[in-house]
Amino acid sequence: MFTGIVQGTARVTACRRKTGLMQLELELPPARAEGLETGASIAVNGTCLTITAFQGCRVCFDLIDTTLELTNLGELEPGDRVNFERAARMGDEIGGHLMSGHVLCCARIKRIEATEHNRHIYFETPEAAAPYLLPKGFVGLNGCSLTLAEVDPERGEFSVALIPETLAQTTFGQLEPGSRVNLEVDPQTQAVVDTVNRYMAQRTRTST
């Protein structure tokens, strides 16, 4: 599990592409590369990946076709930077909200409104995520636990507001309109919405 509190950015050092597979290599900051183990999990742009090998600060992962289809990781190139979070441990502070690292889909940035100390980012609402995006609810975007600022079904968009600390610690400060961001919905919200929808569908069937 993860908390959605990004621990920093890592540099992509290699992307070895094969049919239906990409071997991704990252260089973590030295302070975050201690105690690595093969088989452990790291969230990369919010995607839960399993360490297949490591040496020093360099860590390798295998990305299968499903991961490449659902996330933005297949777009990476050497030199790019990604958000990362090591898996949470018992006793860690949960400053964001619990996340599984299971990305539902990608959301594309429509526009960015920036002021001196704030940045509002507006996204196109993906159809798969629409039922679970609620005003002031939680969402995971590229691994960041964020509160939804606005949800506008008529315009098909939602937005988040980012403080300077988030911009400094993550890749959000470098994103531009058109960029695709990995999206994970709040699992509790998803469970409630899906349960209510199944109940209403069952009532409709039994009443007809």
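**Overall fold**

Tutor: The chain's secondary structure comes to 3 helices and 12 strands. Keep in mind that this is a predicted model.

Student: How does the radius of gyration of the chain sit against the globule rule?
Tutor: The radius is 18 Å, close to the 17 Å that the rule gives for 208 residues, so the chain is as compact as a globular protein of that length. Along the principal axes, the C-alpha trace spans about 60 × 45 × 40 Å.

Student: And what share of the residues is buried?
Tutor: Buried residues account for 41% of the 208. The chain exposes about 11,200 Å². Carbon and sulfur atoms supply 50% of that area.

Student: What about contacts by sequence separation: how many join residues at least 24 apart?
Tutor: Take contacts between residues at least 6 apart in sequence. Of these, 69% join residues at least 24 apart.

Student: Switching to the barrel. Which strands close it, and in what order?
Tutor: There are 6 strands, in the order S7-S8-S11-S10-S9-S12, and the pairing is antiparallel. On average, neighbouring strands of this sheet are turned by 45° against each other, direction ignored.

Student: How many bridges join S10 to S11?
Tutor: 4 bridges. S10 covers residues 144–152 and S11 covers residues 157–162, and the two run antiparallel.

Student: What stands opposite Asp152 in S11?
Tutor: Glu157 does.

Student: Back to S7. Where is Ile112, and what does Ile112 touch?
Tutor: Ile112 is in strand S7, residues 105–114. Leaving out residues up to four places away in sequence, Ile112 touches Arg119, His120, Ile121, Leu175, Glu176 and Pro177.

Student: Why is Ile112 classed as partly exposed?
Tutor: Its relative accessible area is 25%. Buried means under 20% and exposed means over 50%, so Ile112 falls in between.

Student: How far is Ile112 from Lys18?
Tutor: Their C-alpha atoms are separated by 35 Å. Along the chain, the two are 94 residues apart.

Student: New topic: Thr189. Which helix is it in?
Tutor: Thr189 sits in H3, which covers residues 187–207.

Student: Is Thr189 buried or exposed?
Tutor: Buried, because its relative accessibility is 18% and the cut-off is under 20%.

Student: Which side chain makes a polar contact with the Thr189 side chain?
Tutor: That of Asp186, at 2.8 Å.

Key:
Residues numbered from 1 in each chain as written. Predicted model: local features only at pLDDT ≥ 70, side-chain atom pairs only at ≥ 80, totals over all residues. Heavy atoms only, no water. Pairing = 2+ DSSP bridges. Axes fitted to C-alpha atoms, helices over the stretch in contact; angles between N-to-C directions. Buried < 20%, exposed > 50% of the residue type's maximum accessible area, 1.4 Å probe, protein only. Polar contact = N/O pair within 3.5 Å; in protein donor to acceptor, adjacent residues only side chain to side chain. Rg over C-alpha atoms; globule rule 2.2 N^0.38 Å. Contact = heavy atoms within 4.5 Å. Areas by Shrake-Rupley, 256 points an atom, 1.4 Å probe, with all protein chains shown as cover.
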